[in-house]
Amino acid sequence: MEVIIQKDPAECVRLAARIFVRQLQIQPNAVLGLATGRTMIPLYAELVRNHREGRLKLKRATVFNLDEYVGIPSTDAGSFRRFLDDHFVNRVDINPARVHLPSARGAETRNVGLAYEKAIEKAGGIDLQVLGIGQDGHIGFNEPTSSLASRTRIKTLTRQTRRDNAEPFGSWEKVPAHAITMGIGTILESRRIILLAFGKSKAAAIAKMVEGPVTAMVPASALQFHPDVKVIVDEAAGSRLRNKRYYKETLAGKPEWQKL
Ligand code: GLP
């Protein structure tokens with residue numbers, strides 16, 4: 001994993017946005033894996049700014065979001081569809097027909113999630129996946145003990161995760177108890193991954209993910225198996241990393257062309 005510690009969230013999102021812009025310039029029809037959550041709000045704002053200033057064109061891009069709640073309409077203020085539309089899709093030139101979120105249709109069978117997996121495959125796989133991380137080390141909604149080989153399926157959310165995501169719902173009890181999420185196996189098939197984390201509350205999860213053993217108790221630790229992951233964190237989120245100095249020296253010694 002390439003660990004990039006930046007001074008603050010603004011620097012992190014500037015770097016992540018440059019990676020995005022570069023990817024779309026080289027590959028205008030890129031397949032993007034997107035995430036939701038507070039961490040993503042400044043990233044989408046920066047991407048929208050890049051779009052308005054003419055550097056980012058998404059007309060030919062395709063989007064697959066990581067996850068969605070089960071049991072609420074896409075119009076609900078807490079749905080990830082609403083989040084993605086409000087912060088990103090409606091502000092750039094993406095073709096809405098190419099924006100996909102997993103759906104729990106078929107939940108009564110074992111096939112739930114299969115259609116999403118097939119749609120990703122048909123699009124040619126995900127070229128660039130953006131991730132946040134939960135305080136318990138989850139990615140997407142793959143809570144601790146998720147199989148590291150899991151595919152898109154329904155998961156039960158922990159109380160902590162529901163509390164962390166309560167804001168648009170008013171109270172944690174109103175946060176749906178279930179969500180459908182890409183699996184860890186699905187995420188690991190993306191060609192490139194950028195994971196963003198800000199603030200002290202993420203410091204323990206980041207340290208375990210990067211420097212701890214690979215374990216289903218820290219789902220993000222499975223990313224240690226992926227050959228192209230950039231972990232972009234601010235000082236606070238990186239504060240519990242033991243090898244901080246090494247990561248900083250590595251970054252300082254990198255030639256410009258290796259940075260994006
Ligand atoms: C939710 C999402 C994750 C996200 C996490 C952290 O659980 N499903 O994709 O990474 O929250 O969210 P935040 O960025 O708000 O801390």
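How many strands form the open sheet, and in what order? Seven strands form it, in the order 1-10-9-6-2-3-5. Their pairing is parallel. Note that this is a predicted model.

Start at the ends of that order. Strand 1 covers residues 2-6, and strand 5 covers residues 99-100. Both stand at the edges of the sheet. Each has a single partner strand, so one side of each is left without a neighbour in the sheet.

Now follow strand 1 to its partner. Strand 10 spans residues 229-234. Strand 1 and strand 10 pair in the parallel sense, over five bridges.

Next, turn to the ligand. The ligand sits in the largest pocket. There are 13 residues around the ligand. Those that come nearest are Arg 38, Thr 39, Asp 67, His 138 and Lys 202. By class, this shell has seven polar, three nonpolar and three charged residues.

From Thr 39, a polar side-chain atom lies 2.5 Å from a ligand oxygen. Arg 38 uses its backbone: a polar backbone atom there is 2.8 Å from an oxygen atom of the ligand. Ile 133 also takes part through its backbone, with an N or O atom 3.2 Å from a ligand oxygen. How much of the ligand's accessible area does the protein cover? On its own, the ligand has 390 Å² of accessible area, and the protein covers 95% of that.

Technical notes: Residues are numbered from 1 along each chain as its sequence is written. This is a predicted model: local features need pLDDT of at least 70, side-chain atom pairs count only at pLDDT 80 or more; totals for chains, interfaces and linings use all residues. Side-chain values use heavy atoms; hydrogens and water are left out. A residue is near a molecule or strand if one of its heavy atoms lies within 4 Å of it. A polar contact is a pair of N or O atoms within 3.5 Å; within protein, one must be able to donate a hydrogen and the other to accept it, and residues adjacent in sequence count only if both atoms are side-chain atoms. Accessible areas come from the Shrake-Rupley method with a 1.4 Å probe; for residues, only the protein chains shown count as cover. On a 1 Å grid over the protein atoms alone, a cavity is a set of points where a 1.4 Å probe fits but cannot get out, and a pocket is an open set with protein on both sides within 12 Å along at least five of seven lines; lining residues have an atom within 4 Å of a point. A molecule sits in a cavity or pocket if more than half of its atoms lie within 2 Å of its grid points. Ala, Val, Leu, Ile, Met, Phe, Trp, Tyr, Cys and Pro count as nonpolar, Asp, Glu, Lys and Arg as charged, and the others, Gly among them, as polar. Two strands pair if DSSP finds at least two bridges between them. Helices (H or I, at least four residues) and strands (E, at least two) are DSSP runs, numbered from the N terminus.
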